[in-house]
Amino acid sequence: MKRRYQLVVIGAGPAGSYAALTAAAGGLDTLLLERDREVGYRLACAEAVSLEGMQNFIDPDPCFIATEIDSITLTVSSGYRIDYDLQEFAGMVLDRPAFDRFLSEKAVSNGAELQTEAYACGLELPSGNPAKVVIETEEGHRQVEADYIIAADGVESMIGRMAGIDTLLGPDQNDSSLQYRVSGIDIDPKTLEFYIGEKYSTDGYLWVFPKSDRAANIGLGLNPAHNDCGELRHRLDNFLREKYGDYKIEFETCGLVPKFLGLNNLGRDCLLLAGDAARTIDSLTGAGINRALHTGKLAAETVLMAADGSINRNKMVSVYRKKVDDEIGRDLRLFKKAHALFTKFNDEDWEIFARFLKRYLSERKAGSVDPAAMIKSVISGEPRLVRLARHLF
Ligand SMILES: Cc1cc2nc3c(=O)[nH]c(=O)nc-3n(C[C@H](O)[C@H](O)[C@H](O)COP(=O)(O)OP(=O)(O)OC[C@H]3O[C@@H](n4cnc5c(N)ncnc54)[C@H](O)[C@@H]3O)c2cc1C
């Protein structure tokens, strides 16, 4: 590690590695810090991404693909089920540790320096001067200076708060998730399964995402404000017993999925937040990987503009905010509203919703569905749901 860099990126998840690889490709002297001993070491993720979303940033590589997805099923409490065929290889379930390593290696091959076992534990942002990052390493504390910082330190992000940015998540602004890696089950390796309604989750959903034809990530999200902590395990265990009978839990992970908090807290001075640290996640689905790549890219592009003088350094945060708003702001806001609406649904509403959705999907070509337009259309097709949806549009 040197004493000074143009850019320090904190966190080598998808947001941080993508920011580092973009910045390094643009010629910035970039340090990428990861607290763990290897990239992708501790991960709580169901690992599903759409191909289209990913291809905007990186070509899919067999080294990080566990299964290729070509269909989705949605089951509501009554057992009513929608089977929807997507295009072939419309999405994938990743090998997330391999994916995260792949991205960080790309950052390194573009010229970034990766430092693992390097925990950013302190920050100074003196106005107009280089920022200082204090780093805890095996050899003790080090301090590096940086012209710019991108904090991509995930949902637990401390860096934003160290900079005085209010990124605190209230109990209503995140979901708690519990997930098992389950083996010894018969499963369609090309289908993502979603389960919604009161039987499965009071305000989230249950997922079965295949890792092979005999194993899957099976998990559940619930809002901690309205559920006690035993509820997740109780519901997940019931589901497994009822659906599979015989199965083996290989390991379990738990994690928080933040809700989108708006675009007012994306940075300060020469510091930009990206990925989960910026809370730029789809509040409805909890999908954050492609959003992390996207905001990592936009943050790095903004830093590159400041570094080459095409924008003033003190305009960085507003330029970055506008880029994020222009490219994903509409969807982030709609998904947040839709999530707030869906938490009001009871089983009867879900049944109505699912029946309309089935009809809507049957009238469209596989792969041509825009999720935002679909939600609006399905909800506004049924008077009972329209009443609930009056705050959505
Ligand atoms: C149970 C669960 C299931 C999910 N399933 C999906 C899914 O199927 N599809 C999807 O798209 N999204 C899913 N998500 C969300 C997705 O995992 C996140 O949105 C995504 O990982 C965000 O990427 P990121 O780079 O912002 O943060 P992270 O992936 O969290 O990476 C942050 C990195 O920063 C490091 N770090 C943290 N603090 C410091 C520090 N101070 N110094 C140095 N390093 C630090 C961490 O070790 C980590 O490597 C799921 C989330 C959960 C909890």
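**Close-up views of a predicted model**

**View 1. Strand β5 beside strand β13.** In this predicted model, β5 and strand β13 (residues 191–196) run parallel and are joined by 6 bridges. Within this pairing, Val 76 is found opposite Ile 196 of β13.

View 2. Strand β6 (residues 81–85) pairs with β5 in the antiparallel sense, over 5 bridges. One of the residues to look for is Ser 71, whose bridge partner in β6 is Asp 85.

View 3. An N or O atom in the side chain of Glu 34 is 2.6 Å from an oxygen atom of the ligand. For the side chain of Asp 276, the corresponding distance from an N or O atom to a ligand oxygen is 2.8 Å. Glu 47 takes part through its backbone, where a polar atom is 3.1 Å from an oxygen of the ligand. On its own the ligand has 1000 Å² of accessible area, and the protein covers 91% of it.

**View 4. The shell around the ligand.** There are 35 residues around the ligand, and those that come nearest are Glu 34, Arg 35, Ala 46, Ala 48 and Asp 276. By type, the shell holds 20 nonpolar, 8 polar and 7 charged residues. Strand β16 (248–258) is among the elements that supply at least two residues each; its 3 residues are the largest share. Domain 1 and domain 2 each contribute at least three residues to the shell.

Terms used: Residues numbered from 1 in each chain as written. Predicted model: local features only at pLDDT ≥ 70, side-chain atom pairs only at ≥ 80, totals over all residues. Heavy atoms only, no water. Near = heavy atom within 4 Å. Polar contact = N/O pair within 3.5 Å; in protein donor to acceptor, adjacent residues only side chain to side chain. Areas by Shrake-Rupley, 256 points an atom, 1.4 Å probe, with all protein chains shown as cover. Helix = DSSP H or I, 4+ residues; strand = E, 2+ residues; numbered from the N terminus. Nonpolar A, V, L, I, M, F, W, Y, C, P; charged D, E, K, R; others polar. Domains from an automatic or database assignment. Pairing = 2+ DSSP bridges.
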